[in-house]
Amino acid sequence: MRELSKRETLTVGLMLFALFFGAGNMIFPPALGQAAGTSYWFAILGFIITGVGLPLLGVIAVGLGGGNLQTLAGRVHPVFAIIFTFVVYLAIGPLMAIPRTGTVTYEMGVLPFLSDGWKASWVPLFVTTIVFFAITYWLSLNPSKLVDRIGKILTPALLIIIAIMFIGAMVNPMGEMGTPTGAYLESSPFVKGFLEGYLTLDALAALVFGIVVTASVEARGITDKKSLTVSTIKAAVIAAIGLGLVYLALGYMGATSFSLGQSDNGGQILTAVVQQLFGSLGNIVLGLAVTLACLTTSVGLVTACGRFFSEQIPGISYSTMILILSVFSTAVANVGLTQLIAISVPVLMGIYPIAIVLMLISFLHNFFRGYRSVYVGAILFTAAVSLVDGASMMGAPVASITLFFGKYLPLYSQGVGWIVPALVGSLLGFVWGLVRGPRSQVA
């Protein structure tokens, strides 16, 4: 029974790290650090629990559940599995996340170097996204080489750039940590950091990237289910360690940047930090880091979505599907992205809690004897809250329901009102499973 070597496991783990670590992940920790100030260590601990812990659990859950999201979701119901999986792949893929990687690459990796005249033109964005998604298409064309291309080349380059930035901040300190602001001052910095990590949406991405990891491991000759699961878990742990260390470094840079002035977002903070540390060279360093982060995430998402949709839609090959995704993403990155994000964000808010609950209860599968009713109860009760939240964000007339939730549902005002309903639904499902016996069990 073959297992991955330590070198192969490290390479797959670095690939997974890079898939998770997009531009959004790069700018969240600095913003948290600057806002948390002297409460930084408590805040970053909460952030790491949800920003690192949940994605780690997500990849492991997919590995234990059969290697893909659809199999895992099938424990609820076959129809739910099809609908939920399609919604997740569309939301985290071509409708928002993939096009955004191209747009962010332009805004942070190209725009700062343009003259005022070119900044007002549509041409640089158009050219940038064409080149960006052409590279994405080429890297995604052969999934079996994804590990070598990302795990051995792009990821080390990204880590070296971030290390240079962090070492610069340590050698030439920018100042002391400032006073906590906003929610970090008014409430628990740990809880605020916890919620910020939850909003990264990486747990949702984990359900998508799980299939990329298992495919990469299988491509190296690992076909035994137990060995495949063990290799996936090891790679996920390596990725989690990498994410945690990078978040600590980026957050620290943000926390010590208070003397440079307060900024509205993490991108502005990082720009100010590298400008202070490296001068004009700093913009080049930051641009390279952001471009690499966006590219690795884009490749991972295109690969995962391409595999899934080509399997679900007869007559469309993988190569054709990733070409469609790349062209579509290029178009969306240039026109209509704001409108699509306005639609996608409420969708994500509606399905993200469902994904978290599905992922967490999968770890307790044997404990509750695999009763399907536990999955059904937990998902139904969670969806009753999360879908209302999503509908509310889209402007649907659900104000009376949200007011009721806010008054009677614990933790609703903190944005996690689905937790208690999920627990209640699971408990009711378990009781129903005991009544029905083995007939209610799923694999």
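Helix axes are lines fitted to C-alpha atoms over the stretch in contact, and the angle between two of them runs from 0 to 180 degrees between N-to-C directions. On that basis, the axes of helix α18 (residues 372-393) and α20 come within 7 Å and cross at roughly 155 degrees. The model is predicted.

**Helices α18 and α20**

- Angles over 145 degrees count as roughly antiparallel, and α18 and α20 are therefore roughly antiparallel to each other.
- The crossing in which α18 passes α20 is right-handed.
- On the α18 side, the contact is formed by Ser373, Val374, Gly377, Ala378, Phe381, Thr382 and Val385.
- These residues meet Pro421, Ala422, Val424, Gly425, Ser426, Leu428, Gly429, Phe430, Trp432 and Gly433 in α20.
- Sorted by class, the contact of α18 with α20 comprises 10 nonpolar and 7 polar residues, with no charged ones.

**Helices α8 and α16**

- Helix α8 (residues 123-140) packs with helix α16 (residues 318-334) at an angle of about 160 degrees, and their axes lie 9 Å apart.
- It follows that α8 and α16 are roughly antiparallel to each other.
- The passage of α8 across α16 is a right-handed crossing.
- From α8, the residues in contact are Leu125, Phe126, Thr129, Ile130, Phe133, Tyr137 and Ser140.
- Their partners in α16 are Tyr318, Ser319, Ile322, Leu323, Ser326, Ser329, Thr330, Ala333 and Asn334.
- The contact of α8 with α16 contains 9 nonpolar and 7 polar residues, and no charged residues.

**Helices α5 and α15**

- Helix α5 (residues 78-92) and helix α15 (residues 280-312) have axes 10 Å apart and pack at an angle of about 145 degrees.
- The two helices, α5 and α15, form a left-handed crossing.
- Thr85, Phe86, Tyr89, Leu90 and Ile92 of α5 make the contact with Leu301, Ala304, Cys305, Phe308, Phe309 and Gln312 of α15.
- In the contact of α5 with α15, 9 residues are nonpolar, 2 are polar and none is charged.

**The second largest pocket**

- The volume of the second largest pocket is about 570 Å³.
- This pocket is lined by 25 residues, of which Leu360, Ile361, Ile419, Ala422 and Leu423 are the closest to its centre.
- At least two lining residues come from each of α3 (40-64), α11 (189-198), α17 (337-362) and α20 (419-436).
- Helix α20 supplies the largest share of the lining of the second largest pocket, 6 residues.
- Ala422 is among the residues closest to the centre of the pocket, and Ala422 is also one of the α20 residues that meet α18.
- The lining of the second largest pocket divides by class into 22 nonpolar and 3 polar residues, with no charged residues.

**The cavity**

- Across the whole structure, a search finds 1 cavity of 30 Å³ or more.
- The space in the largest cavity amounts to about 30 Å³.
- Glu3, Leu4, Thr9, Val230, Ser231 and Lys234 line the largest cavity.
- Helix α13 (residues 225-255) contributes the largest share of the lining of the largest cavity, 3 residues.
- By class, the lining of the largest cavity has 2 nonpolar, 2 polar and 2 charged residues.

Terms used
Residues are numbered from 1 along each chain as its sequence is written. This is a predicted model: local features need pLDDT of at least 70, side-chain atom pairs count only at pLDDT 80 or more; totals for chains, interfaces and linings use all residues. Side-chain values use heavy atoms; hydrogens and water are left out. Helices (H or I, at least four residues) and strands (E, at least two) are DSSP runs, numbered from the N terminus. Angles under 35 degrees count as roughly parallel, over 145 as roughly antiparallel, 65 to 115 as roughly perpendicular and the rest as oblique. A crossing is left-handed if the near helix is turned anticlockwise from the far one by less than a right angle, and right-handed if clockwise. Contact means heavy atoms within 4.5 Å. Ala, Val, Leu, Ile, Met, Phe, Trp, Tyr, Cys and Pro count as nonpolar, Asp, Glu, Lys and Arg as charged, and the others, Gly among them, as polar. On a 1 Å grid over the protein atoms alone, a cavity is a set of points where a 1.4 Å probe fits but cannot get out, and a pocket is an open set with protein on both sides within 12 Å along at least five of seven lines; lining residues have an atom within 4 Å of a point. Grid points are joined across faces, edges and corners, and a volume is the space filled by probe spheres set on the points.
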